[in-house]
Amino acid sequence: MPGFEYSEFEDTVYTPYRRVLVTGATGLLGRAVYREFQNNDWNTLGSGYSRARPRFLSCNLLDEEAVRSVVHNFQPHVIVHCAAERRPDVVEHHTEAALNLNVHACATLAKEAVAGGIFLIYISTDYVFDGRNPPYGENDAPNPLNMYGKSKLEGEREIIRHCPGAAVLRVPILYGEVEKVEESAVTVLWDRVQEGAESSTIDHCQQRFPTYTNDVARVCRNMAERALQDSSLRGIFHYSGKEQMTKYEIACAIADAFSLPSSHLIQLTEQPAGAGAQRPQNAQLECSRLELLGLSVEPTVFKSAIRDSLWPFLHDKRWRQTVFH
Ligand SMILES: NC(=O)c1ccc[n+]([C@@H]2O[C@H](COP(=O)([O-])OP(=O)(O)OC[C@H]3O[C@@H](n4cnc5c(N)ncnc54)[C@H](OP(=O)(O)O)[C@@H]3O)[C@@H](O)[C@H]2O)c1
């Protein structure tokens, strides 16, 4: 069957434990979610696509038959749907392909979830809001500014339309353990920080709330475990880091975390014309719903989490000794 081979994962089928399927398990967030469940007594199946082999199952989420087959064979109690095209500028230029993944694959998974009585968590984004009137509660009206935000909002609607018992978890800009720094809009600043000799202008207009993937992963597990006991857990949830920073301030905080100079970093206080897809000015998420339900986690301090995320990329090993010992 195209996009799906199951044989080497058969040993994970029909075990008596709680089973979770994590889509996008090769990606930035999916890796953390997969690890979180696997380390906490869940029978965990991760699916990816181009990077799936050898560790994960390769399943093209655009192939409805392949998705159906994975779900029927593994029979998860929970699906955490992380896979998406999350780069706004790519979505703007390759809209049809992005819509197939960000919207249509949601409908496919949601139909499978409802048919199998599976609790589905769909990861969405603060970019569903226009950023003009923060903070945003779970019930506030979305108004996405770019195609990425629109596609994720459409994805939310498809999820809830086909699977009313599903949960949507909106999160802001993410960072965590990366295979390469370009994987996250936070860690990509690392090269600018390390190029100490070259001055570098960085956005100092838009407010961001960098959020650690390990924290989001714990929230997903909290939600999954609660949902197994309480089927009324459903609808929209927000989770976010609490430290508010512009990209310029994020770069300075990274420099500080590694005791590196930041004097070469320069604040860019005006948006240059034609700088890619429009982004919200401040889409701060208000996260009280998870907190009231006791499902939130205290966000890890940025300075500490960014060190854990970026230390493998430190060029100068003497700094590593200074910082960590
Ligand atoms: N990153 C952020 O700052 C951020 C912020 C807010 C919300 N989010 C949301 O968080 C979720 C995770 O984002 P992320 O940053 O972890 O994304 P990512 O690192 O770009 O990973 C994307 C994942 O989607 C998979 N994928 C792509 N095309 C596929 C296909 N046709 N079939 C199956 N899988 C496919 C990729 O698999 P392969 O790589 O193996 O092809 C990869 O595992 C997304 O829903 C995103 O919208 C992210």
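Let me start with a definition: a helix axis here is a line fitted to C-alpha atoms over the stretch in contact, and angles between axes run from 0 to 180 degrees between N-to-C directions. Keep that in mind. One caution as well: this is a predicted model.

Now, two helices. Helix α4 spans residues 95-116. The axes of α4 and α5 come within 8 Å. They cross at roughly 15 degrees. Angles under 35 degrees count as roughly parallel, so α4 is roughly parallel to α5. And the handedness? The crossing of α4 and α5 is right-handed.

Stay with α5, residues 147-162, because it brings us to the ligand: α5 is one of the elements that supply at least two residues of the shell around it. The others named here are α1, residues 28-38, and β5, residues 119-125. Which element gives the largest share of the shell? That is β5, with 3 residues.

How many residues surround the ligand? There are 27. The closest are T26, L29, S50, Y148 and K152. By type, the shell divides into 16 nonpolar, 8 polar and 3 charged residues.

Next, the oxygen atoms of the ligand. A polar backbone atom of Y49 is 2.8 Å from a ligand oxygen. For L174, a backbone N or O atom lies 2.9 Å from a ligand oxygen. With R86, the side chain takes part: one of its polar atoms lies 3.5 Å from an oxygen of the ligand.

Terms used. Residues numbered from 1 in each chain as written. Predicted model: local features only at pLDDT ≥ 70, side-chain atom pairs only at ≥ 80, totals over all residues. Heavy atoms only, no water. Near = heavy atom within 4 Å. Polar contact = N/O pair within 3.5 Å; in protein donor to acceptor, adjacent residues only side chain to side chain. Helix = DSSP H or I, 4+ residues; strand = E, 2+ residues; numbered from the N terminus. Nonpolar A, V, L, I, M, F, W, Y, C, P; charged D, E, K, R; others polar. Parallel < 35°, antiparallel > 145°, perpendicular 65-115°, else oblique. Left-handed = near helix turned anticlockwise from the far one by under 90°.
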